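Colleague: I would like to learn how to read a helix model feature by feature. Please give the general idea each time, then the case at hand.

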Amino acid sequence: MARKKPPSRDGAAAVDLGAPGGTHPVAASVIDDAHEAGRVAAIFGRLRSANPKPETELNYSDPFTLLVAVVLSAQATDVSVNKATGPLFAAADTPAAILQLGEERLRDFVKTIGLYNSKAKNVMALCALLVERHGGTVPRDRALLEALPGVGRKTANVVLNTVWGEPVVAVDTHVFRVSNRLAIAPGATPLAVELGLEKAIPAEFMRDAHHWMILHGRYVCVARKPLCGACPVSDLCPWPDKSA
Ligand code: SF4
């Protein structure tokens, strides 16, 4: 896929968006389009070689359980969500079954997860809407997904991409940081990064790009002290603060 000129580094270029609160100049190298497309392809090629079949770390068995797990994962770790959803999904893994469970019992299952009160309310309301409007199934449509309680653009993108392979990228804190540090799609907001990534990432990598970037950000290109010495794309990274 043709790569558009790297987002005009006006504004975004002057600020290092890869470090929270950072204000370092971004690498000044202005790379021509072909070179840049090759660099982005090389980044994803290496991430793919290291992990050919990346998976979400959330446990799920179908679109509905993925949707619920992602809603529960806001501002919580995947590990904590998995601990709660194991017993929950064993007891109820459909919208109708969760409605039958009732909010109080649902709250008991998820009470170890941050913000569990509002999340339990959202999951109950979400289940009711899925039953009322979609016959208990998860719609393959961004607007319909975003109309569900607790479901924003990022959650909708995770479901669309993970379940159906739609060419969309969910931008969480890890994807945002990695995209800016590697200058794949520099941007000041998650939406700007998302739209930039969807243009920059070659089609062959779109299906798994989200997972590669999350895992890279979670385990290597971490926020405070990135492990640049162990980074498989270090030589392709223009971030001025990367370590040797
Ligand atoms: S070299 Fe460092 S800053 Fe650049 S992508 Fe790798 S871990 Fe992140």
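Colleague: What is the handedness of the crossing of helix 2 and helix 6?

Modeller: A crossing is called left-handed if the near helix is turned anticlockwise from the far one by less than a right angle, and right-handed if clockwise. The crossing of helix 2 and helix 6 is right-handed. This is a predicted model, in which local features need pLDDT of at least 70 and side-chain atom pairs count only at pLDDT 80 or more, while totals for chains, interfaces and linings use all residues. Residues are numbered from 1 along each chain as its sequence is written. Helices (H or I, at least four residues) and strands (E, at least two) are DSSP runs, numbered from the N terminus.

Colleague: At what angle do the axes of helix 2 and helix 6 cross?

Modeller: Two packed helices are described by the angle between their axes and the distance between the axes. Axes are lines fitted to C-alpha atoms, for helices over the stretch in contact, and angles run from 0 to 180 degrees between N-to-C directions. For helix 2 (residues 63–72) and helix 6 (residues 116–134), the axes come within 10 Å and cross at roughly 155 degrees. The two are therefore roughly antiparallel; angles under 35 degrees count as roughly parallel, over 145 as roughly antiparallel, 65 to 115 as roughly perpendicular and the rest as oblique.

Colleague: Which residues of helix 2 and helix 6 meet?

Modeller: Contact is defined by C-beta atoms, placed from the backbone, that lie within 7 Å. Helix 2 supplies Val68, Val71 and Leu72, and helix 6 supplies Lys119, Asn122, Val123 and Leu126. By class, this contact has five nonpolar, one polar and one charged residues. Ala, Val, Leu, Ile, Met, Phe, Trp, Tyr, Cys and Pro count as nonpolar, Asp, Glu, Lys and Arg as charged, and the others, Gly among them, as polar.

Colleague: How many residues of helix 2 are buried?

Modeller: A residue is buried if 20 or more other C-beta atoms lie within 10 Å of its own, exposed if 12 or fewer, and partly exposed in between, with C-beta atoms placed from the backbone. Eight of the ten residues of helix 2 are buried, so helix 2 is largely enclosed by the rest of the structure. Among them are Phe64, Leu66 and Leu67. The cover over these buried residues includes helix 3 (78–91), helix 4 (95–101), helix 5 (103–110), helix 6 and helix 8 (153–164). In the protein, 38% of the 244 residues count as buried.

Colleague: Which residues does isoleucine 43 contact, leaving aside its neighbours within four places in sequence?

Modeller: They are Leu182, Ile184, Val233 and Leu236. Isoleucine 43 lies in helix 1 and is buried, with 25 other C-beta atoms within 10 Å. From isoleucine 43 to isoleucine 184 there are 141 residues in sequence and 9.1 Å in space, C-alpha to C-alpha.

Definitions and conventions. Contact = placed C-beta atoms within 7 Å.
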